[in-house]
2 protein chains.
Amino acid sequence: MASIKDVAAQAGVSVATVSRVLNSHPSVSPDARSRVLAAVDALGYRPNAVARSLRTDQTRTLGLVISDVLNPYFTALARSVEEEARALGYSVIIGNADERPEQQDHHVRTLLDRRIDGLLVSPADGASPLLHEVARTGTPMVFVDRWMPGVDVPVVRADGHRAIQDLVAHLHALGHRRLAIIAGPAATTTGDERVEAFREAMRTHGLALPDAYIGQGDFQADSGRRVTEHFLSLPEPPEIVFAADNLMALGALDAIRAHGLRVPEDIGIAAFDDIPWFVHTGPPITAIAQPTGDLGRAAVRALVDVIEGRPPQSVTLPARLVVRSSCGEPAGGPPSNRSDRRSGL
Amino acid sequence: MASIKDVAAQAGVSVATVSRVLNSHPSVSPDARSRVLAAVDALGYRPNAVARSLRTDQTRTLGLVISDVLNPYFTALARSVEEEARALGYSVIIGNADERPEQQDHHVRTLLDRRIDGLLVSPADGASPLLHEVARTGTPMVFVDRWMPGVDVPVVRADGHRAIQDLVAHLHALGHRRLAIIAGPAATTTGDERVEAFREAMRTHGLALPDAYIGQGDFQADSGRRVTEHFLSLPEPPEIVFAADNLMALGALDAIRAHGLRVPEDIGIAAFDDIPWFVHTGPPITAIAQPTGDLGRAAVRALVDVIEGRPPQSVTLPARLVVRSSCGEPAGGPPSNRSDRRSGL
DNA sequence: CTGCGCCGTGGAATCGATTACACGGATGAT
DNA sequence: ATCATCCGTGTAATCGATTCCACGGCGCAG
């Protein structure tokens, strides 16, 4: 592969001049510039980003460590992150933690070894010493979706409090009283937060939330299955199961189907995260939608602000309830939810 | 951030010795080794991968350019690719083409600029001059899922011929005669191939496949919607719509729902690609499943073979039909498909 | 006419690693 | 005792870029 030396030789100038042309430095004669450009073209020369990074101490690359690539919520996030980053002249390297703290740390370390300019993380684990260390050493970092309490880093996330209140109000209005939740890992802020918001909403509506109705999941489908099995085995099973993410909702559906039960007649279901498929499940699933696109864009902007020395901003955007029929037919009869005419994918 | 010089100073040795310890070169005294290790630990030193790559001319990184991150098939593929690569000591940088040739080329170029050791591509476009060029210059490359005819590069993919034959046989047995297909872009091999296999299977069963029943899609949900609208407006609409990927199936469902039609009573649906949600759609969708995990692993192994100078192998694995109820109840009555008890996500 | 300053350019240092080569000392063979 | 060998180590070249500094030539002002 041709190097800058080859270009310099071909153009009859020094490497310094070639570099100046390539970086559009002002003081280069039109003559030299065109000879360099011609040589670049002739040789199909492309600057070696590795060498350039070594010298300039910047890679124009962002690291994004997401909790799970198989989760449509995170891929939607990843997509908007990459798009915004590209628009700002950065590339993105994605690391998939698979909800496993060791794997998260592995990716963080690898990304740091490659000297990425900044890190976007959705921590799979509230207590990673490595991430604490990273924050302490001043590596530009922004948390997205989840965060770590006590770490002074901008956070970009959606707030589900209001939407969860709306959800419980909706369920209450439909006559449901026994509501259960499949929680995310307590080690994640989103896990905690959603349970707390749910608990609070239940209190607001004068409903009890017994411990038996709080199942411990891990944001993966299997745990949704397991917890739902448990709910169904209770002497008095819940009327509604609310899953704290879409994959656990998938698992819950698996379990319900395995028991030969019908939704919503025998048991209702709702989920945090809205995905295109929820429109077409049997029945369509009531969900809380997050503004993934805005989240991704805001996260990148905050991170780039840190990197380029501007004061960054934490951002919290509201999530919103999307009512479908998985908890019983909303008043007014047959499906008429206009927002569902297109899946938006 | 501490460099190798700092470690050398701290340990009282030269940088060469530090490097030797780090690369477990044999001739280092136990004493020096332990002093270096202590210094590394004290300083929290991590080798700069950028500098290392510049010197050794290898990055131990693979590039993966997929057609669409929002497509669960490709994220499943990406996950298995990353896993296998990690097992072999490589990292993976994912580029998302979004089914757009320019964006694909953008990522290919960026990856090459970073001097990745090898490239895994699922070409969004049959004729990218850039990819031709890359193949010609001998950059290690392997095609996965889709390929480019006439480019001499190993291909790892699933073969759907047999599964499509099985699908048409199944539909024929259910009494369906008017089958339509939503094809992928003709510029992709998978697009072409699936139509051809379908056409052949129709012929085998003595069925006609009029041009009006071949809709042109682009592997995205919107096109599935559009093509299905068209099918439904035909004087004699098809009894079954077969979508060449899962996103177009999603779009088809959107269109069918918008028309207030029921599946499978009014119209049946089947899809290429199986995803966990197909079990829970209303009704569960008959699909052709690809062995994504094996595909990803085989692709990485083939690529690493090329990189490390071993003879690589093209691999073709069979896809298989998974019958559910979206085309009508299979003989034997109510759902009893054991393979659907768990979603496998 | 002289001198100052600017412009275009090249030489060389630099980034942080790896590694070829040289060198001194110890060891073993004769 | 002598010499070859080997081991552990350090010096310095190198990878491919960027960028500081110096230098020659030219234009312009005094």
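Which side chain of opposite charge is nearest to B:Asp117, and how far away is it? In this predicted model, that side chain belongs to B:Arg60, at 5.8 Å. B:Asp117 is buried and has no salt bridge, because a salt bridge requires a side-chain nitrogen of Lys or Arg within 4 Å of a carboxyl oxygen.

**Surroundings of B:Asp117**

B:Asp117 sits in the loop of chain B that runs between helix H6 (101-113) and strand E3 (118-121). A polar atom of the B:Asp117 side chain lies 2.6 Å from the backbone nitrogen of B:Arg60. Beyond its neighbours within four places in sequence, B:Asp117 is in contact with B:Gln58, B:Thr59, B:Arg60, B:Thr61, B:Tyr90, B:Pro140 and B:Ile307.

| Atoms or groups | Distance |
|---|---|
| B:Asp117 and the side chain of B:Arg60 | 5.8 Å |
| Polar side-chain atom of B:Asp117 and backbone nitrogen of B:Arg60 | 2.6 Å |
| Side chains of B:Arg46 and A:Asp113, N to O | 2.8 Å |

**The interface of chains A and B**

Contacts link 57 residues of chain A with 57 residues of chain B. About 5300 Å² is buried between the two chains, with 57% of it on carbon and sulfur atoms. Between chain A and chain B there are 20 residue pairs in polar contact, both at pLDDT 80 or more. The salt bridges between these chains number four, and one of them joins B:Arg46 to A:Asp113.

On the side of chain A that touches chain B, the elements giving two or more residues include helix H4 (49-56), strand E2 (91-96) and helix H11 (246-258). H11(A) provides the largest share, seven residues. By class, this side of chain A has 24 nonpolar, 16 polar and 17 charged residues.

Conventions. Residues numbered from 1 in each chain as written. Chains lettered and ligands numbered in written order. Predicted model: local features only at pLDDT ≥ 70, side-chain atom pairs only at ≥ 80, totals over all residues. Heavy atoms only, no water. Helix = DSSP H or I, 4+ residues; strand = E, 2+ residues; numbered from the N terminus. Buried < 20%, exposed > 50% of the residue type's maximum accessible area, 1.4 Å probe, protein only. Lys, Arg positive; Asp, Glu negative; His and termini not counted. Polar contact = N/O pair within 3.5 Å; in protein donor to acceptor, adjacent residues only side chain to side chain. Contact = heavy atoms within 4.5 Å. Buried area = accessible area lost by both parts, 1.4 Å probe. Nonpolar A, V, L, I, M, F, W, Y, C, P; charged D, E, K, R; others polar.
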